[in-house]
Amino acid sequence: MSEAAATPLHVETRVTHVGRDAKLSNGLVSIPPYRGSTVLFDKVEQLKNSSGHRAYGRWGTPTGRALESALAQLEGGASAMLTPSGLSAITTALLASVKPGDHVLMVDSVYPPVRGFCETVLKKMNVGTTYYPPLAGAGIAELIQPNTTVVYTESPGSGTFEVQDIPAICAAAHAAGARVLMDNTWGTALLFPALQHGVDLSIHSLTKYVVGHSDALLGVIVARTRELYLEVRAFHGALGLTASPDDAFLGLRGLRTLAVRLRQHQENALQVAQWLREQPQVREVLYPALPGAPGHELWKRDFHGASGLFGVVLRPAPEAAVVAMLDGMQLFKMGFSWGGFESLVIPVKPGGYRVSSPIAAGDLCLRVHVGLENPLDLIADLEAGLQRLAASTA
């Protein structure tokens, strides 16, 4: 092999080529959406020797397997498994990692539906949950109980965007025999190498940046080791989970432009966040990529870049004033998902349900997703909105 061929490929090149197979696509650039439920065999011996994941459409088709392979390679993991949504990826990974009587350490800034899952399904299973401060770092060792089997992380955290010290948490958890799960949707495999930092199961809502066009629901669990993959995959199969081949196709399509889209999301978001920081109606901007913002130093140490999602803490104002601001937005529409090409904004109150939060229960916050529009147009839209906020506050 030549010296040039032995040189590791840059991520922009890898994301363009991983998971592609000319044999599966009949020479076409992209693997088509293989749809099917029944796999046919000509001989009894073939039927007997067929491996489970190739014997029935529920276990996936070549389209889904191509996306799983691509994501596992990008993460540096052993293998990956698709799920119908990001939340199903999280709940499957959790269920596969606990048994009755176990204890889970759950980051307090977790995606709210996961908190609901802990308080309903896990509680019914007699699995205890303790919510720990996102900035616990190595200090999490003091919170680990004898029956703690899972330490769950999400960095940056939902709503408040705390950056966790993942390497320190993994070291403490592994020393105690606990498994580390991480929601890595914000950073993606390109911006945060979760498995390289010690995470055991890296979980993504592919619905967000990988699909990138707000037109498909999809999740993935990437396992650090083959043994761990087989354990979780067995549980995944027992639940009967399957991902649509059409959605897997859209995931593969979006993956090819992920690097350039993320770069533009960050460039736009930094410009918008810097502008917002200077506005009199804004108390704080929670965007780790912004110099001086909370978590910036850890972000700079561990991340390769930033996505377009961040938080804005407003100064006190009547709720009607916030409504006036949001109802009149022209480019920033309201929507609960994010990660597509479009800009979004929704009001949030993360301090209202958290055990520990830098945001008080009554603080007015916005979750902002900066899309791929021209940032000057986005700033003009926000400026008009803040003017409506100010006029309704006076």
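Me: Why are α15 and α16 called roughly antiparallel to each other?

Reply: In this predicted model, the axes of helix α15, residues 319-327, and helix α16, residues 375-393, cross at roughly 155 degrees, and an angle over 145 degrees counts as roughly antiparallel, so the two helices are described as roughly antiparallel to each other. The axes come within 8 Å, and the crossing is right-handed.

Me: Which residues of α15 and α16 meet where the two helices are in contact?

Reply: From α15 come A321, V322, A324 and M325, and from α16 come L382, G385, L386, R388, L389, S392 and T393. Sorted by class, this contact has 7 nonpolar, 3 polar and 1 charged residues.

Me: What makes the buried residues of α15 line one face of the helix?

Reply: The buried residues of α15 are A321, V322, M325 and L326. When one looks down the axis of α15, these buried residues fall within an arc of 130 degrees, and therefore they line one face of the helix. On the other side of α15, A320 and D327 are exposed, while the cover over the buried residues includes β9 (309-314), β10 (344-348), β11 (364-369) and α16.

Me: Why is L366 called buried?

Reply: L366 is found in strand β11, and its relative accessibility is 4%; since buried means under 20%, L366 counts as buried. Leaving aside neighbours within four places in sequence, L366 is in contact with F310, G311, V312, L314, V322, M325, L326, V345, I346, P347 and V348.

Me: Why do T153 and S205 each count as buried?

Reply: T153, in strand β4, has a relative accessibility of 0%, and S205, in strand β6 (residues 201-205), has a relative accessible area of 12%; the cut-off for buried is under 20%, so T153 counts as buried, and so does S205. Setting aside residues up to four places away in sequence, T153 touches V107, Y132, Q164, I166, I169, V180, L181, M182 and D183. With its neighbours within four places left out, S205 is in contact with G86, T185 and L218.

Me: What makes L87 partly exposed rather than buried or exposed?

Reply: L87 lies in helix α7, residues 86-95, and its relative accessibility is 31%. Buried means under 20% and exposed means over 50%, with partly exposed in between, so L87 counts as partly exposed. Not counting residues up to four places away in sequence, L87 touches Y111, P113 and V114. L87 and G219 are 132 residues apart in sequence and 7.4 Å apart in space, C-alpha to C-alpha.

Me: What is phi of N126, and what is phi of T188?

Reply: Phi is near 65 degrees for N126 and near 60 degrees for T188. Most residues other than glycine have a negative phi. N126 lies in the loop between α8 (112-124) and β3 (128-132), whereas T188 is found in helix α10, residues 188-191. At 54% relative accessible area N126 is exposed, since exposed means over 50%; at 3% T188 is buried, since buried means under 20%.

Me: Which peptide bond is cis, with omega near -10 degrees?

Reply: The bond in question runs from S155 to P156, and P156 is found in the loop between β4 (148-154) and α9 (166-175). Most peptide bonds are trans.

Definitions and conventions:
Residues are numbered from 1 along each chain as its sequence is written. This is a predicted model: local features need pLDDT of at least 70, side-chain atom pairs count only at pLDDT 80 or more; totals for chains, interfaces and linings use all residues. Side-chain values use heavy atoms; hydrogens and water are left out. Axes are lines fitted to C-alpha atoms, for helices over the stretch in contact, and angles run from 0 to 180 degrees between N-to-C directions. Helices (H or I, at least four residues) and strands (E, at least two) are DSSP runs, numbered from the N terminus. Angles under 35 degrees count as roughly parallel, over 145 as roughly antiparallel, 65 to 115 as roughly perpendicular and the rest as oblique. A crossing is left-handed if the near helix is turned anticlockwise from the far one by less than a right angle, and right-handed if clockwise. Contact means heavy atoms within 4.5 Å. Ala, Val, Leu, Ile, Met, Phe, Trp, Tyr, Cys and Pro count as nonpolar, Asp, Glu, Lys and Arg as charged, and the others, Gly among them, as polar. Buried means under 20% relative accessible area, exposed over 50%, partly exposed in between (1.4 Å probe, protein chains only). The arc is that of the directions from the helix axis to the C-beta atoms.
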